[in-house]
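Hi,

Here is the structure for you to look at. My notes follow below it.

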Amino acid sequence: MFQGFPEETIRFFLDIRFHNDSAFYHAHEKEYREYVKKPFYSFIESLSETMLSISPDMEVRPVKCLARLRRDTRFTKDKSPYRDHLWLCFRKAAEEKEGSINYWFELTPESVGWGLGFWGINRPAMEMLRKRMVEKTDEILSVLKKCRLPGKDLLVEGQRYQRMKPPDGLPLQLAMLYPMKEIYITREKVPFRSVYTPEISEMVKKDFLRLKPMYKLLCSVAEEARSQLDV
């Protein structure tokens with residue numbers, strides 16, 4: 001049963017930040033497994049029932065959801081072999097990561113946050129979402145209302161096309177979303193002390209369920225965009 005992340009989780013992140021090499025990791029691999037991997041797995045398992053209630057095809061196996069501590073440094077200037085933080089993602093089982101719709105949670109030594117959105121920029125899906133905004137305006141407004149978006153507690157963020165203008169007459173809530181290259185909703189400014197308690201799991205569950213209508217919408221536009229590409 002998930003009891004919160006231990007203080008040793010953060011201590012390990014800080015240690016690997018300042019001793020980022022294989023020798024240190026292998027000397028402290030036991031601490032990683034006990035204080036990082038084990039509580040993250042327990043946290044994922046505490047969310048699995050909720051995630052399956054959102055979508056029965058959601059991947060909830062911890063080994064598939066948790067990011068690897070070891071970084072892929074082949075295509076980056078930063079050659080540090082290990083991350084000093086970790087995140088997890090829930091998405092449809094067997095779905096390719098790039099462009100997929102993910103629920104995510106991230107823990108760093110300085111902050112904790114979670115939310116929902118595309119992994120990277122899914123251009124076809126965003127084009128389909130813009131089409132829906134125009135053709136099925138009430139549907140999109142209803143989703144935003146059910147999710148209570150935009151709000152002060154859950155922020156709607158993402159890169160924007162600077163020169164893209166929303167169609168005349170589009171409601172303000174949609175006009176703000178229309179030029180986005182990507183979209184993700186994020187919970188920020190979470191009291192950090194909450195990560196040490198079981199309540200962090202309940203907080204995340206509550207937000208993930210709240211965002212279920214948006215998850216369904218993003219899945220719908222992504223699926224429709226794929227079906228048109230396959231024609």
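Is Phe43 buried or exposed? Phe43 is buried, with a relative accessible area of 0%. Buried means under 20% relative accessible area, exposed over 50%, and partly exposed in between (1.4 Å probe, protein chains only).

Before the rest, the ground rules. This is a predicted model: local features need pLDDT of at least 70, side-chain atom pairs count only at pLDDT 80 or more, and totals for chains, interfaces and linings use all residues. Residues are numbered from 1 along each chain as its sequence is written, and side-chain values use heavy atoms, with hydrogens and water left out.

**Phe43**
Phe43 sits in helix 3. Helices (H or I, at least four residues) and strands (E, at least two) are DSSP runs, numbered from the N terminus. Leaving aside residues up to four places away in sequence, Phe43 touches Phe2, Phe5, Leu88, Phe105, Ile200, Ser201 and Val204. Contact means heavy atoms within 4.5 Å. Phe2 and Phe43 are 41 residues apart in sequence, yet 5.6 Å apart in space, C-alpha to C-alpha.

**Helix 1**
The buried residues of helix 1 are Thr9, Ile10, Phe12, Phe13 and Ile16. They lie on the same side of helix 1, because they cover an arc of only 155° around the axis. The arc is that of the directions from the helix axis to the C-beta atoms. Their cover includes helix 2 (22-27), helix 3, strand 1 and strand 2. Exposed Glu7 and Phe18 are on the face turned away from the buried side of helix 1.

**Pockets**
A pocket is an open set of points on a 1 Å grid over the protein atoms alone, where a 1.4 Å probe fits, with protein on both sides within 12 Å along at least five of seven lines; lining residues have an atom within 4 Å of a point. Grid points are joined across faces, edges and corners, and a volume is the space filled by probe spheres set on the points.

The largest pocket has a volume of about 900 Å³. Its lining has 29 residues, with Val63, Lys64, Leu66, Ala67 and Arg68 nearest its centre. Helix 3 (29-54), helix 4 (62-65) and strand 1 (86-90) each give two or more residues to that lining.

The second largest pocket has a volume of about 320 Å³. It is lined by 13 residues; Cys89, Trp104, Phe118, Trp119 and Gly120 are the closest to its centre. Strand 2 gives the largest share of this lining, three residues.

Best wishes
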